[in-house]
Amino acid sequence: GGSADFPTVTDTYGNTWTPVRVQQTSAWPGFLWVFTSLNASGGPGHQFFVSKPDSYPTLLAVEVIGTGVTVSGGGGLDNTSPYQTPSATTTGDALLLGAFAPGYPGSTVTITPGNGFSTEVEEPRGDGSWVASVASRTVLTGSYQAAWTMTGNAANDFNYAEDLLVLTVGP
């Protein structure tokens, strides 16, 4: 929260984290920051750390194994269910990772991905804490959107943030 400035992300394997996009998720203000760490190292006891003064960040991490990974896609805002990302087009086989951040619900909520996506990791439920979801889908050449529905009494004070990363793994 606080400002759109990216937080600092580090981990116990010394990977480099590159900021990709930021979307404001609530009037509070809350933000969805998207980072990548291509050709990263990982393994037993891998820990992640986020620092940003005057904020309460939540980190959701997904490991994708492969070489020659390229990243494309885009982010958006939506205030109507299903909450959808902008379309992303693939020119070959790809892994899609979608992120949904509805902000800070004051009560319990349930987030469900749609459009063939499955939950990878989430900070669930709300009830006075930040909520976020990362979902994935393996696809062939085509155009795709990630989407989520949310049930429960979430504070609807702003457009919710979504992001869709297209990860293409090279040979």
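Is Asp163 buried or exposed? With a relative accessible area of 1%, Asp163 is buried, where buried means under 20% relative accessible area, exposed over 50% and partly exposed in between, for a 1.4 Å probe and protein chains only. The legends below concern a predicted model, in which local features need pLDDT of at least 70 and side-chain atom pairs count only at pLDDT 80 or more, while totals for chains, interfaces and linings use all residues. Residues are numbered from 1 along each chain as its sequence is written, and side-chain values use heavy atoms, with hydrogens and water left out.

**View 1. The protein chain and its strands.** The protein chain holds 14 strands and zero helices, where strands (E, at least two residues) and helices (H or I, at least four) are DSSP runs numbered from the N terminus. Of its 171 residues, 39% count as buried. Among contacts in the protein chain with a separation of 6 or more, 75% are accounted for by residues 24 or more positions apart, contact meaning heavy atoms within 4.5 Å.

**View 2. Arg21 and Asp163.** Arg21 is found in strand β2, residues 18-26, and Asp163 is found in strand β14. Their side chains are joined by a polar contact of 2.6 Å; a polar contact is a pair of N or O atoms within 3.5 Å, of which, within protein, one must be able to donate a hydrogen and the other to accept it, and residues adjacent in sequence count only if both atoms are side-chain atoms. Leaving aside neighbours within four places in sequence, the residues in contact with Arg21 include Phe6, Trp33, Gly73 and Leu165.

**View 3. The largest pocket.** About 1200 Å³ of space lies in the largest pocket. On a 1 Å grid over the protein atoms alone, a pocket is an open set of points where a 1.4 Å probe fits, with protein on both sides within 12 Å along at least five of seven lines, and lining residues have an atom within 4 Å of a point. Grid points are joined across faces, edges and corners, and the volume is the space filled by probe spheres set on the points. Of the 50 residues that line the largest pocket, Trp17, Phe35, Leu60, Ala61 and Val62 lie nearest its centre. Strand β3 gives the largest share of this lining, seven residues, and β3 (30-36), β4 (48-51), β8 (94-103), β11 (131-139) and β14 (160-168) each supply at least two residues.

**View 4. An open sheet of three strands.** The strands of this open sheet have the order β6-β13-β9, with antiparallel pairing, and two strands pair if DSSP finds at least two bridges between them. Because β6 (83-84) and β9 (109-114) stand at the edges, each with a single partner strand, one side of each is left without a neighbour in the sheet. Six bridges join β9 to strand β13, residues 147-152, in the antiparallel sense, and Val109 stands opposite Gly152 in β13.

View 5. Strand β10, residues 118-123, runs antiparallel to β11 and is joined to it by five bridges, with Ser133 in β11 as the bridge partner of Glu122. Ala135, which is found in strand β11, counts as buried because its relative accessibility is 0%. Not counting residues up to four places away in sequence, Ala135 touches residues including Leu96, Pro113, Phe117 and Trp148.

**View 6. Loop residues and backbone details.** Most residues other than glycine have a negative phi, and most peptide bonds are trans. Asp54, in the loop between β4 and β5, has a positive phi near 55° and is exposed, with a relative accessible area of 72%. Asn115, in the loop between β9 and β10, likewise has a positive phi near 55°, and at 37% relative accessibility Asn115 counts as partly exposed. The peptide bond from Ser81 to Pro82 is cis, with omega near 0°, and Pro82 has its place in the loop between β5 (70-78) and β6.
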